[in-house]
Amino acid sequence: MQGMGLILNQVSLMAIFAFCGFLLARNKLLSRQGLEDLANLLITVLSPATILNAFAAIHIERKILANVAIVLSGALLSLLLPIFLSSFFLRHEDDDPKAVYRFALTFSNCGYIGLPMLQALVGIEGVFYGSLYTSLQTIFMWSYGVKVMSTERLKGKAFLRSILKNPNNIAVIIGFFFMLSQLKMPFLLSSALQGFSQTLAPVSMLILGRQICYYDLADFWKKGKLYKICAFRNLLLPLALLLPSLLLVPNRLLILAYVLPTACPIAMNTALLSILYRRDVQLAVQLVTLSTLLSALTLPVIAALCSLPG
């Protein structure tokens, strides 16, 4: 019941932020140009600050390296499996919807929903292991994810340069330095990063709310493919990880740390990158909205299954 209440609380907060964006757009206070400016601010400032803040907070000790390896292995599998399956099952889709579907299938909203839920269920240790998942997803999102969504077909050195120039990947590199060296950030810098990171979710949902105002979402209830994508993202993928894990991993906390983030709804960045790279924004907004609503039902089920006695 505690997990269910927390999910509903997080989803309700997201709905409030999105409704504010809807009202701003309805009253013509958030234009298309303003939307793109907000998206650029989020991608170039708020998101890198959040990444750097998350990495700097991770402190890995030698005695838990085996546990870290288990969580990272589970997280890696949760990312590679949809990448492989989507490249096969979506090969006949048109470029725009295929890019959105592949991104949506691969990446979850693990930071905003997954980490608070882990903290409520198993405490700070769960947040630590869950942060490993979000860190690995961050690396994939700003490399593979950008490649999928980008309309430019860069290869080799050109692609590598574009990845290294991305502010989010620069933040990952700097964050790795702080994580591995165990150096503490100056208090002022750390406070600034925390301040920026706290605005990430509200700004993201303002953008989503603005898009909801201008796109017809009434017909998405009739689109069977949306339900299939959301069913895979919210339920089938976490179950595919969970079932063998229950047999192979005796520590249920570690299972929860990579299965629960996998079960979180489709990442908000699906809509953001669709805006920046001129993909099918309406499709992305529909997927994020439907997956988030369904997660209020699916996440408690996955959380309960993760806690089954060994």
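The legends below walk through several close-up views of a predicted model.

In this predicted model, local features need pLDDT of at least 70 and side-chain atom pairs count only at pLDDT 80 or more, while totals for chains, interfaces and linings use all residues. Residues are numbered from 1 along each chain as its sequence is written, and side-chain values use heavy atoms, with hydrogens and water left out.

View 1. Buried means under 20% relative accessible area, exposed over 50%, and partly exposed in between (1.4 Å probe, protein chains only). Helices are DSSP runs (H or I, at least four residues) numbered from the N terminus.

**View 2. Ile 207 and its contacts.** Look around Ile 207 for Leu 35, Leu 38, Ala 39, Leu 42, Leu 272 and Ile 275, all of which it touches when residues up to four places away in sequence are not counted. Contact means heavy atoms within 4.5 Å.

**View 3. Helix H11 against helix H14.** The axes of H11 (residues 224–248) and H14 (residues 281–306) come within 8 Å and cross at roughly 30°, so the two helices are roughly parallel to each other. On the H11 side, the contact includes Leu 226, Tyr 227, Arg 233 and Leu 246, and on the H14 side it includes Leu 283, Leu 287, Ser 291 and Cys 306. By class, 16 residues of this contact are nonpolar, five are polar and one is charged. Axes are lines fitted to C-alpha atoms, for helices over the stretch in contact, and angles run from 0 to 180 degrees between N-to-C directions. Angles under 35 degrees count as roughly parallel, over 145 as roughly antiparallel, 65 to 115 as roughly perpendicular and the rest as oblique. For the classes, Ala, Val, Leu, Ile, Met, Phe, Trp, Tyr, Cys and Pro count as nonpolar, Asp, Glu, Lys and Arg as charged, and the others, Gly among them, as polar.

**View 4. Helix H3 meeting H11.** Here the axes of H3 (residues 65–89) and H11 come within 11 Å and cross at roughly 125°, which makes H3 oblique to H11. Gly 74, Leu 77, Ser 78, Leu 81, Pro 82 and Leu 85 of H3 make the contact with Phe 232, Leu 237, Ala 240 and Leu 241 of H11. Eight of these residues are nonpolar, two are polar and none is charged.

**View 5. Helix H13 beside H14.** The axes of H13 and H14 come within 8 Å and cross at roughly 175°, so these helices are roughly antiparallel to each other. From H13, Thr 270, Ala 271, Ser 274 and Ile 275 meet Val 281, Ala 284, Val 285 and Val 288 of H14.

**View 6. Arg 278, in the loop between H13 and H14.** Phi of Arg 278 is near 55°, a positive value in a residue other than glycine. At 53% relative accessibility, Arg 278 is exposed.

**View 7. Ser 150, in the loop between H6 and helix H7 (156–165).** Ser 150 is buried, with a relative accessible area of 10%. Leaving aside neighbours within four places in sequence, Ser 150 is in contact with Tyr 277 and Arg 279.
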